[in-house]
Structures are given as structure tokens and as C-alpha cells.
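Subject: Structure handover

Hello,

Here is the structure you will be working with. Please open it beside this email and follow along.

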Amino acid sequence: MKYIEVEIKLSQKDPYRDILTYSLGDEGPYDSFINTNDGLKAYVPADKYDVDFVNSCIDELRAIDDKVECTFTASELPDKDYNEEWERNHQAVLVEGFCWVRAPFHPHRDDVKYEIEIEPKMSFGTAHHSTTYLMLSLLEGEDVAGRRVLDMGSGTGVLAILAAKKGAAYVEAIDVDEWAFSNAKENFERNNVSVCALLGDASSLTEDKHFDVILANINRNILLHDMNAYINVLNPGGTLFMSGFYEHDIPVIVEKANTLGMTLSLQKTRNDWAAIKLTKNAKQ
């Protein structure tokens, strides 16, 4: 498979590098990123490269700050060059000192409570992006032992893996992307955890399903659209963790959640991105 390397140069890297990484990787087909002194390099299968999509992501960034300057160039890479450069630059991530998220070629650590080995392939979610980092850090403080957990929009499956390692009685991971679905199944096996992987979207949440904890790291629009579906399968007193939106989006997310009987319990931010914990009314 041929890959396209898109090199993006930014006049101001923070927080715009993270914003572009999220837009390209979570809302688009880009699967790996390398930070550079000038911005970042983003990688996408050649048959999925769309110059208009890149321009639309840059337009969204300029809508946030019209003073930021952003240019990009695209070039085709052979598989070998892509893989070697990605492995050379891809770093493992230590989350809050408790969770070590690494690729197979990174060293093992004995000084952390949880270690997760992820082969990202075409999926998004290796703890490099602030939203994944935030969700993992929130999950650290949640007692999921013996509980039923749903990872919605699971990507690599990293959140589902942590939930399983923390003793969840049942974990289900759902993603609409076939690459992510296949990759997650491989990562579950790699980490020796039992997770039910499903290919689908919120329509997969039928009335016979019930969960105590739901994890949804997607994006603002999908969360607002699908929140009711999540809450319908969340047990009374259950917990909903969400990320994939900016700090300034918290009020609109929480307002929608309040209308559905959810109460904000906790919020965290990192590099302008946000994650929140919501609790369902015990009487619902």
C-alpha cells in the first residue's frame, strides 16, 4: 500500500498542531502523525488522500484563529520509508504515571500499574492526542471492577483494554470504521483481554443492552447527536465519560446532557481539549 506524507507548517504550533491532528485523524482517514519543528507530518493511504479535506481542516483551524498561518505539501512514500520513519519517531506515552501505552517496538516497563501495547495501524487513539490521554486519566479514578463497560468509537481499543485490565466484568467496543474494528481485535488479543468488538455505530445500541460505564471519545457533533442513544443503555446511577471536543464546547455538551437527566461530576482539560464525567440520575 502506498502512503501520502502531508507536511504541514504552522506559524504557531500550540494548540493548532493538536487541533489538526484530531481533525485529520479522528474525523478523517489519517492514521499516524509525527511532530516536527515547524508543525507536523501526517500520513494517509494514497487512495484516501483528498486535498480538499486537508484544506477544509485548515479552514476550520483558521476559523478559530485567522492569524495563524498554515501551509502544506504532499508527497508519495513507499511503504518501507513510511514504516521506518514512523517507528523511528513514534514515542510511547506515560499517562499520569499509572499507564504506559506503547507500540510493540517500545520497551516494557515494570514501574507502572498498567501497560498497554498498541499497534495503531489505521486507527486513531494511542494516547498521543490529548483527548485519549484525558480519557485514560479519567478512567484511572473510576472503579470499573465487576461492571459492564462500553467503549463507543473505540479506535485502537486502548480505553476498552484499560477497562478490562481494571477488572470490568464485560467490555464491549464499537467502531464504525472497519480498519479500526480489525485493529482493535488484534490489540485485544495482543493485550490478552476479553473484549467484545463490534462493527457499527450508535444504532448498534439496542434496548436489550445495558452498561454501567460508557466511554465515548469521538467529536462534538457525533456526541450531541448520539448522546441520547448512549444514555438509553446506561444503567441508573451509571457514568458517561466523553471527550473529543474543546474546552469551550463544555457548556453545550453539558446543557444537552442535563436535558437527558445527566449531571456533570468532573471535567479535565489538556492543551485546550476537554473530557468530562457525567452521572445518570439514579431514579431514571
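**Ground rules.** This is a predicted model: local features need pLDDT of at least 70, side-chain atom pairs count only at pLDDT 80 or more, and totals for chains, interfaces and linings use all residues. Residues are numbered from 1 along each chain as its sequence is written, and side-chain values use heavy atoms, with hydrogens and water left out.

**The sheet.** Helices (H or I, at least four residues) and strands (E, at least two) are DSSP runs, numbered from the N terminus. Two strands pair if DSSP finds at least two bridges between them. Seven strands make an open sheet with mixed pairing. Their order is β10-β9-β8-β11-β12-β14-β13. The edges are β10 (196-199) and β13 (262-270). Each has a single partner strand, so one side of each has no neighbour in the sheet.

β8 and β9 (170-175) pair in the parallel sense, over five bridges. There, Val 149 has Val 171 in β9 as its bridge partner. At the other end, β13 and β14 pair in the antiparallel sense over eight bridges. Thr 263 stands opposite Thr 279 in β14. These two strands form a hairpin with two residues between them. Asn 271, in the turn, has a positive phi of about 55 degrees. β14 (273-280) also pairs with β12 (234-246), antiparallel, over seven bridges. In that pairing, Met 242 has Ile 276 as its partner.

Buried means under 20% relative accessible area, exposed over 50%, and partly exposed in between (1.4 Å probe, protein chains only). β14 is mostly covered, with seven of its eight residues buried.

**Helix α6.** This helix (178-190) has 13 residues. From first C-alpha to last it reaches 18 Å, close to the 18 Å expected at 1.5 Å a residue. The expected span is 1.5 Å times one less than the number of residues. Its buried residues are Ala 180, Phe 181, Asn 183, Ala 184, Asn 187 and Phe 188. They pack against β7 (114-117), α5 (158-165), β9 and β10. Asp 177 caps the N-terminal end, with a side-chain oxygen 2.9 Å from the backbone nitrogen of Ala 180.

**The cores.** A nonpolar core is a set of buried Ala, Val, Leu, Ile, Met, Phe, Trp, Tyr and Cys residues joined through side-chain atoms within 4.5 Å. The largest has 59 residues. Leu 10, Leu 20, Val 95 and Phe 188 have the most contacts inside it. Its largest share, seven residues, comes from α5. Apart from it lies another core, of 29 residues, including Leu 150 and Ile 218.

**Two buried residues.** Contact means heavy atoms within 4.5 Å. Leu 138 is found in helix α4. Is it buried or exposed? Leu 138 counts as buried because its relative accessibility is 5%. Leu 138 and Ala 275 are 137 residues apart in sequence, yet 8.1 Å apart in space, C-alpha to C-alpha.

Glu 142 lies in the loop between α4 (130-140) and β8 (148-152). Glu 142 counts as buried because its relative accessibility is 6%. A polar contact is a pair of N or O atoms within 3.5 Å; within protein, one must be able to donate a hydrogen and the other to accept it, and residues adjacent in sequence count only if both atoms are side-chain atoms. One of 3.0 Å joins the side chains of Glu 142 and Arg 147. Leaving aside neighbours within four places in sequence, Glu 142 is in contact with residues including Lys 166 and Lys 277.

Best wishes
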